[in-house]
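Here are my notes on the model, as numbered points. Please read them alongside the coordinates.

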Amino acid sequence: MNISLGSVSIPIQDIFHSILGTSEHESWQYIIQNYRLPKAFTAILVGSGLGVSGLLMQTLFRNPLAGPFVLGISSGASLGVALVILGAGLFGGAFSVILMSKWSIVIAASLGSFLVLLAVLLVASKVRDTMAILIIGLMFGSITAAVVSVLSYFSSAEQLQQYIFWGFGSLGNLSWNELLILFCIYTIGLLLTVASIKALNTLLLGENYAKSLGLNLKQSRYIIILATSLLAGTITAFAGPIAFIGLAIPHITRQIFNTSNHKILVPAVFIIGAIVMLICDSIAQLPTSDYTLPINAITSLIGAPIVVWLLVRQRKMVF
Amino acid sequence: MTETSKHMVLETHDLSIGYTSKKATTVIANQINIKLKKGQLIGLVGANGIGKSTLLRTLSSIQQPLEGDVVLNGKSLSDYSNIQLSKVMSLVLTDQLMSKNLSVFELIALGRQPYTNWVGNLSDTDKAVIHNSIEKTNLSELKHRKCYELSDGQLQKVMIARALAQDTDLIILDEPTTHLDMYHKAYILKLLQELTKDTNKTILFSSHEIDLAIQLCDEMVVMNKESVISDTPCNLITQGVFETLFPEDLIGFDAQTGRFRIKK
C-alpha cells in the first residue's frame, strides 16, 4: 500500500512484478526496488524502533513524558551533525567536501549520540536515582542545543539550510547497504528489549519492590538504556531526529490495549509503530503530487491529534 | 545451634541503624537485638520519626546497617544476593505503585518473578500459588479488576496477596494500615494474624494501631528514644514499656484496657 504511493504512479499489479523483477517497465522496477521498497522498510524499522525505545524509557523513568530522546540521544546526534555541516565552513576548502558526504553525517550523528549517551551512563553509575538521570539527559540536551545555536550563528545560509533539512528527518535516503547496517543494530536493540520484558514488568511496581523481587536493578537499567540508545541512536543517525513517534506510540498502544503488561505492550508497540510510520510516510508523499513533505512534521501533525483524541475519549491517562 | 535458634527466622546482633553522608553519620537507633520466631505475628510500634521505617528498610536490605549484623535463616543479610533474598523475604511498602493499570491477578502474579523463567511465564505451580494467595486474602471476586478501580483497603489486600505469592518465610510490611478506616485496619491486621497461623510464615509489620497490635500480635517490638525492646504484649504491659512511648503531657497508657487515653 505504502509502496504504491509516490510521485510516479505505478499500478498495484506492476508493483508485484517490479518486486519480483519481472516488470516490463525498467524505470518502474528501478523506482520500486531501489527507492520505495527500502523506504518502506526504513519506515517499519523507524516506527517500531522508536516506539519500542519510547516504551522502554517511559517504564524505566516511570514518566509518561519520557521518550527515546530524553537521554539526550537526539541532541547528541544533532550536535554531531551540526559540527559536520556547520563546522565544515570553518575548516574550509577540500576538507569540507569530504565532510559533506552522507556517510560522514551518519557517522557524526552516531558518534554524537553515542558520546552523549556515554556521558549519561557515566553519570548514571554515580547517581542512584533514576529521576536524576532523566534530568541529566535533559541538561545534556540543553548544552548541545546551545552549542548548535552558537555554531549556526557563525555559519552560512546554505549550511544552515542543509542542517535544517537533516532536522526534518527523512526515510527515503537509505540504500540497501545502509539499511542492512541499520537493521543489524536495530535487531540487537530489539533482542535486548525482549530480554528485558520481565524486568520491565517488575519495574511497574517501582524500584524498591523490583529489588525485593530479586531484580538486579543496576544491570537491568544498563541493558534498557543500552537498548534504547542502540535503537534510537542508529535510527536518528540514518533518518534524522524523527519527533513524536517515540513519545506517542506507547501511549496510543496503552490506550488501545488497556494494559501495562510488557509481554503484550512490546509486540503491540512494535506493530503499531510500524503501521503509524508507514501511514505518515504515505501522507508525506502527498499522493499524486511531486512534493514530499518533511516526515518530522507529518508525524506530529498526524500523531498529536490522535493522542489528544484518545485521552479525551478515555478521560484518563492509562499508564 | 541450640533448639530455640533453629526456629528463629531473623535475628539482629547489636544492630545500629541510620544514615551516612560524607559529612556525618546520623545514628537513629543502636544496640538493637531482636529475634523473630517462625510463624509469629510481630508488631513494630513507636512514635513518629523514631526510626520504624529505617529499621524495616535495614532489615529488608534496602538500606545498609551502620554497625552490627542482621541474620536471616542463619545467614548474614549481606551474604544474600537479590534473587536469593527475594525467595526468603517479601515486602509490602508504603511506596506508591508506579502503574495501577495492572489487573489484580497480574499484580499478584508479579510476586512469582523470582521463580519464573527469563520472560516471566507462569508455570502450573506458579498459578497454583497465585490462586492460593488470592483465596487466602478473599480476592477471588476482584481478580480481574484493574488496580486503579480498587479502594485503599482492597489495594492493601492485593499487595499482601502479592507478598504471599512470593512464598517467603518472612513478610515485612511498612505501615499496612495507614489511610484505612477503623474496620479495615482491624481487618488487615486480623488477616495477617490468620496468615501466620495458616501458613506458618513470620510477619513483621509496623503500625500506629497499638491497641489492635496488643490484641493480635504474638510479640511486639517497641521503639522508644532509649532502646528497642521486644517481648510478648502481656510482658510489655507488665513492664510498663508502653508508658515510655510518647511524651507524658497528653496521653497515658491504661494497662487495664490496653489502650491509650487522653489525660484530662
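1. Axes here are lines fitted to C-alpha atoms, for helices over the stretch in contact, and angles run from 0 to 180 degrees between N-to-C directions. Helices (H or I, at least four residues) and strands (E, at least two) are DSSP runs, numbered from the N terminus. The model is predicted: local features need pLDDT of at least 70, side-chain atom pairs count only at pLDDT 80 or more, and totals for chains, interfaces and linings use all residues. Residues are numbered from 1 along each chain as its sequence is written, and chains are lettered from A and ligands numbered from 1 in the order in which they are written.

2. In chain A, helix H3 (residues 73–85) packs against helix H12 (residues 217–239) at about 35°, the axes being 9 Å apart. H3(A) contributes A:Ile73, A:Ser74 and A:Ala77 to the contact, and H12(A) contributes A:Ser229, A:Ala232, A:Gly233, A:Thr236 and A:Ala237; residues are in contact if their C-beta atoms, placed from the backbone, lie within 7 Å. The crossing is right-handed, that is, the near helix is turned clockwise from the far one by less than a right angle.

3. By class, that helix contact has 4 nonpolar, 4 polar and no charged residues. Ala, Val, Leu, Ile, Met, Phe, Trp, Tyr, Cys and Pro count as nonpolar, Asp, Glu, Lys and Arg as charged, and the others, Gly among them, as polar.

4. Between the chains, 21 residues of chain B meet 22 of chain A. On the chain B side, H3(B) gives the largest share, 3 residues. That side comprises 11 nonpolar, 8 polar and 2 charged residues.

5. Chain B splits into domain 1 (3–88 + 170–262) and domain 2 (95–167), with bounds from an automatic or database domain assignment. Their C-alpha centres are 25 Å apart. Domain 1 puts 12 residues into the contact and domain 2 puts in 10. On the domain 1 side, helix H7 (182–199) of chain B gives the most, 5 residues.

6. Chain B also has an open, mixed sheet of 6 strands in the order S7-S8-S9-S4-S10-S11, where strands pair if DSSP finds at least two bridges between them. S7 and S11 (228–231) are the edge strands, and the twist averages 15° from one strand to the next. Helix H6 (residues 152–165) of chain B packs on the sheet, touching S7 and S8 (170–173), and its direction makes about 170° with that of S7(B).

7. S10 (residues 219–223) and S11 of chain B run antiparallel and are joined by 4 bridges. B:Val221 has B:Ser230 as its bridge partner in S11(B).

Definitions and conventions
Contact = placed C-beta atoms within 7 Å.
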